[in-house]
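Student: I'm new to this one. Could you show it to me and walk me through it?

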Amino acid sequence: MLFAYLGFTSALIPQTTEAKEQRRLLIINSYNEGAPWSQELITPITMQTAQTAGVSAEIIHMNGTFIRNKTLFKQMEDGIFTRFENKRPDYLVLIGNMAFTLRDRIKQEWGDIPMILIGNEDSFAPNEYYYTGGTLNLMDCKLTPLSQVREQYNFAYIEIPLLYEQTIDMMVQMQPQIKKIVFIADELYTNRYLDRLVHAYILAKYPTLEYEWLVGNDQNAEHLQEYLVSRDLTIGLLFSTWFYERKNVHGFPTLISGDTRMISASPHPVFALRSAYLQDGVLGGYFPERKQTQEALPALVIKMLEGKSMRNIPFIYSTKSHPVVNYIQLVQDHLSIENCLPGTKFINKPKTLWQQYSWQIIIGIIILVSLIIVAILNSLFQRKKLALFKTHNILVRNMPICYAQAAINFNKDRHVTRLTYHSTNESFNTLTKQNTDNDQQHPLFPVEYISPFIETVFQKESSVTFTHYFKQTNTFYEFIICQSAEENVIDIFGLDVTSRSKAENDLRESARKLDMTLSVARIIPWRWDLKNHKIACEVQRVLSHMNFTKQEGSTHSIHIIEESEYFQRIHPEDVARVKQIHHDFLNGKLQYTKAEFRIVSQKAGKEHIDWLEINAAVSQCDNTEHPTALIGSLLLITERKKQEQALISAREKAKESDRLKSAFLANMSHEIRTPLNAIVGFSNLLTTTEDEEQKQQFIGIIENNNQLLLQLINDVLDLAKVESNTLDFNYQSTDLNELIRSVESTVRLRVQPGVILNFTLGAADCYIQTEPNRLSQVLINLLTNACKFTPKGCITFGYELQEDEIRFFVRDTGLGISQEGQKRIFERFTKLNDFAQGTGLGLSICKSIVEKMSGRIGVESDGEGKGSTFWFTIPYLTATTEESKPVIIEIQKECIKQKDITILIAEDNESNYLLFQSILGSKYKLIHAWNGQEAVELYQQHKPQIIIMDINMPKMDGYEATREIRKFSDSVPIIAVTAYAFASDKERIMKNGFNSYVSKPLNANKLIQELKTALNSSFTLV
C-alpha cells in the first residue's frame, strides 16, 4: 500500500562481481521520477558508478509532491528504511533539500556514512517546511545554514541555484511590452518559497508590473492552457515546475506532469528557472554553468568512493552563470535577437557557412596566400641578388668598420716575413693615415707586431681578436683576423671601441672605488638562494675572522656559506628572531626587513661576538609568488654597539650620579646640622653657666661634636677624591707589624669600657710593598665601627699571609649584621642603625680604597647579636729592608727662658690669628705676619726662635716663604698649618723644609704638643 501510494522506484546498475562483495550507493531523489532536472543529476552519478568496479547504485524517488503532512512523511521515511533494512547502503547522494530531512534517521540506522547533498540553497528547515501545499509561513520559518551541522553529519554540498532575479531581468529586456508576470509553479516547497522571493523582487525593482502565482493543480490546468495559447506579449510567463496529484478511476493518487507538453506548441514566449525544460519549448532563462556541475559532481562521487571524509571537502557553489536562449523558439516567438542580454548563449542556432566550412576556408586562404608570398619573395630575391652585387663594393668601401685584405709571405719555418695589403676600404685608409708618419711608407702594423696573431690564425685555423691602442689619435680599436677563401690571404676587420674601452676602464675604476668604499664602511653585499639553501657573500676582510666554511662554488671574490651553518653561528638569544624573519620571507609575509643580531665565532680558543645589521629584500619569486632568492647587505656594527652600550652606561651613571647627589645633599644636611646643633647650643649655654663642672661637661660635648664634624669633612673629602679618581696612592716598603701596632695604639682610646682590643700578627717579620696610609685608613675605619657597635666582649684584628695575597680582618663580638644588611653594608650613606653616630660613608670609602689597591672586601656575620667579621685582601708584594745602625748626631742646644721665646705666626685670617693668640699669647712673644712676603721680612728683622706658617696665603704662599727663610737659616723650626689633611699633602709639606705640621681645624693640645717637640729639639728651656 505504501509503495503503491508513494510510487517508489529503483534502478540497479549491472553487477560485475558477486552481490556480497558490492558496495552500495543509494540515490534519494526528493522529486519524482519524471522530473527532468533530477534526471540530469542522476545520469552522471549512475554512469560513474557503472565504471567503478565493486560499486552498485540504486535510486529511490521520494515523490515530494505527494507528501502533504506528517503522516505521509512518516510513511515515506519508514518505507525507505524498511526497504533497505537488510542491504544497508555504503554511500548516499541526496537530490533536493527535502531528502536532507532524513539525516538523523540515516545516522541512526546506517551510521556516519558519507553523503553528497545537491540542492538549490545551502540551508535547511524543519520537516513541515517541505510538505507540499503546507500552511507554514515560509518567510517566518527559521532556515539553518548547512555549515552549522557539518561536524554532526559526514556530507558535502553542491549548489545548483535558481537564478530568478536574473531571469526576471532577462524577461523584461527581451519582452519590453510586459505588464504582468505569471509565475507558473506547483505547490512544492521550493516554489512556495520562490513565490515570496519573486513577488518581493518584482515589487522592489519593477513596482509597475502585476504579479500572479498560477498554482499547479487540476483546477488551474485550463488557466495554464489559456495563457499558453495567448499571444498577449504584455504577459510574461515564468515557469518553474508543474506536478500535481489527481486520483485515477481506481481512487488512487496519480502524478500529473503532462500539462507542460503544451509549452512546445505555445505561441507565447515562456521563460524557465531550470535549464532541463529548454528542450520542451521553453524560450530560455538565466542558468548556472552546466559544465561546472557536470565536472564537480562525478569528481566528488569519486572522492566519496575512495573513502575520503566528506566533512573536510568545502561546499561547492556555482560561480558561473549566463543567459541561454533557444534560437528556434526565439524565431517562432517572433522576438528580436537584439533584445537578448550581452553574453547570451544560443542553442539550436543554425550554423553559418563559416561555422560549417571554417577549416576548409582557412586552409584554402593559407594555400593561396602562400603561393602569392612565394611568387613575391622569388621576385624580390632576384632583384636583391642583383642589387647586392652592386652595393657590395660600395658597402665595403664606405662601411664604418675598417676592412683590409692582405697577402702573407711565409719563410720555410712558417714565420711571417711580409704583409701586403691589396684591398682596403676608406675607413682603414683613414686610420692608417692618422696613425703613421706621412713621410714614411710603413703599414699600420709592423710585421713583428702582427705576425704572432697571423701565425696563430693559420696554425689553429680560427679567428684571432685583439685590441690595439693608437697613441697618435688616442683611440682603441678591436681587430679580428681570419683566413680568407684564398690561400695565404687574411681578412682584417677593425672596430673603434674607444668609448667602450673608456667605459670599461671607468667601470673598473668605479668598481675598485666601490669595493674600497664597502670595505671601509664594512658593508658586505650578499645573495641568499632559498631553494638551494646557500648564501653568497662578497669576500671582505671584515668577515675573515669569522671563519665561515667555504662551500663548493666559492671563488677568490665570492664566499658561499651553508644556510644551516649560518643559523648555527647566530647568538642563541637572536636565533629565534632571525629564523622567524626567514620564515616570514618564505611565506610571502615580508618583502623587506632591517634587523640586528649577533654572530658567535671561535678565535684562538676564545668566543668572539660580532654585531651585524642586515638589510634584506626579495629579489626573485616563483610562479606561486613565493620568494626563491633574497638580496641585501651586512654591516658590521660591533663598534657602534659598544658605543651605544657605553652611552647607555654613561646615561645610567649620570642618572645614578644625580640620584646620589640628591641623597648626598640630604645626608650632608642632616649629618652637618646634627653636630652643629650641639656645638652652637652648648656654646651658648657655656656663656650662661657659672658651674665649673657644667662648663667642663659642655666643653667636652662641644669637643666631641667638633671631632664628629671634622670626621664628616674628612670622609667627604675622601669621597670626592674617590669620585674624581684623584685619590693618591704612594706605594713604599712598609713594616706591616709596625703598622698593626701603630693602628692598635691609635684605636685603643676609642674602645668602650670593658671591651678588650687584641691584634694578631701573621708573621714574625713582614715587609711588603704597599700604600701604608691607605692601609691604615681602612683598618682604622673598620676598627672604629667595631668600637662603636661592641659594648662588651672583645675586638680582634690582624692579618694572615696567603698564597699571593694578604687577608686582613677585624672580628668583634658586637651587635652583628642581618643577611639583608650584609648585602648593602658597603653602599654609600648606608647606616644599619640610624641612631648611631656616623655618615654612612666610611665602609663605602674602604671598599673603594681596597678595590683601587687590587683587593677585595667583605663581611661575615651569623646574624644580629652574634658579632661580625670584616675582612679585606691586598696583593702580597714582598719588599726587602736593610738593617742599618742609627746615626746619632749631637746637636748643641741653646739655653733659653720660655718668656724670651719669640714665635712668628704667618696667618692671613684675623680670626685664626686670634685663636693662636688665645692659645699661645700668655706663654710666648708673638709676631704676626699677614702673608708670606711679610713673614720673610719679619724673620730677617726679629730672628724668632720658631715659626708657625699657614700654607695658603696671598702674595706668597707658605711653601715659597719657607724656601726663602731656609736661605737664611736651615735650623729654625717651622710648623706648617694646613687645611689639607691628605697623606700626599703631608709628604709635600715635609719635603719643602717644614719640621712638622698641624691641620685645621686647630686642636689646641695638638698645637702645644708639636710646639714643645719643636722647641725641645733646638733649645733647652731654663
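**Salt bridges, cores and a pocket**

Student: How many salt bridges does a search of the whole structure find?
Tutor: Some ground rules come before the count. This is a predicted model, where local features need pLDDT of at least 70, side-chain atom pairs count only at pLDDT 80 or more, and totals for chains, interfaces and linings use all residues. Residues are numbered from 1 along each chain as its sequence is written, and side-chain values use heavy atoms, leaving out hydrogens and water. With a salt bridge taken as a side-chain nitrogen of Lys or Arg within 4 Å of a carboxyl oxygen of Asp or Glu, the search of the whole structure comes to 31.

Student: Which helix holds both Glu109 and Arg105?
Tutor: Their side chains meet in a salt bridge at 3.2 Å, N to O. The two residues are 4 apart, about one turn of the helix. Helices are DSSP runs of H or I with at least four residues, strands are runs of E with at least two, and both are numbered from the N terminus, which makes this helix α4, residues 103–110.

Student: Is Arg105 buried or exposed?
Tutor: Let's set the scale: buried means under 20% relative accessible area, exposed over 50%, and partly exposed in between, using a 1.4 Å probe and protein chains only. Glu109, at 40%, is partly exposed. Arg105 has a relative accessible area of 18%, so Arg105 is buried.

Student: Which residue meets Arg640 in a salt bridge?
Tutor: The gap is 2.8 Å, N to O. The pair links distant parts of the chain, 44 residues apart, with Arg640 in helix α16 (residues 638–686) and its partner in strand β25 (residues 592–603). That partner also meets Lys641 in a salt bridge, at 2.7 Å, N to O. The residue is Glu596.

Student: Which residues touch the most other members of the largest nonpolar core?
Tutor: A nonpolar core is a set of buried Ala, Val, Leu, Ile, Met, Phe, Trp, Tyr and Cys residues joined through side-chain atoms within 4.5 Å. The largest has 80 residues. The ones touching the most other members are Leu25, Val93, Phe100, Trp110 and Ile116.

Student: What does Asn758 touch, not counting residues up to four places away in sequence?
Tutor: Asn758 sits in strand β29, residues 755–760, and at 32% relative accessibility it counts as partly exposed. Contact means heavy atoms within 4.5 Å. By that rule Asn758 touches Cys794, Ile795, Thr796 and Phe797.

Student: Which element gives the most to the lining of the second largest pocket?
Tutor: On a 1 Å grid over the protein atoms alone, a pocket is an open set of points where a 1.4 Å probe fits, with protein on both sides within 12 Å along at least five of seven lines, and lining residues have an atom within 4 Å of a point. Of the 25 residues that line this pocket, the closest to its centre are Trp37, Glu40, Leu41, Ile160 and Ser275. Elements giving two or more residues include α2 (36–50) and β4 (115–119). The top contributor, with 5 residues, is α8.
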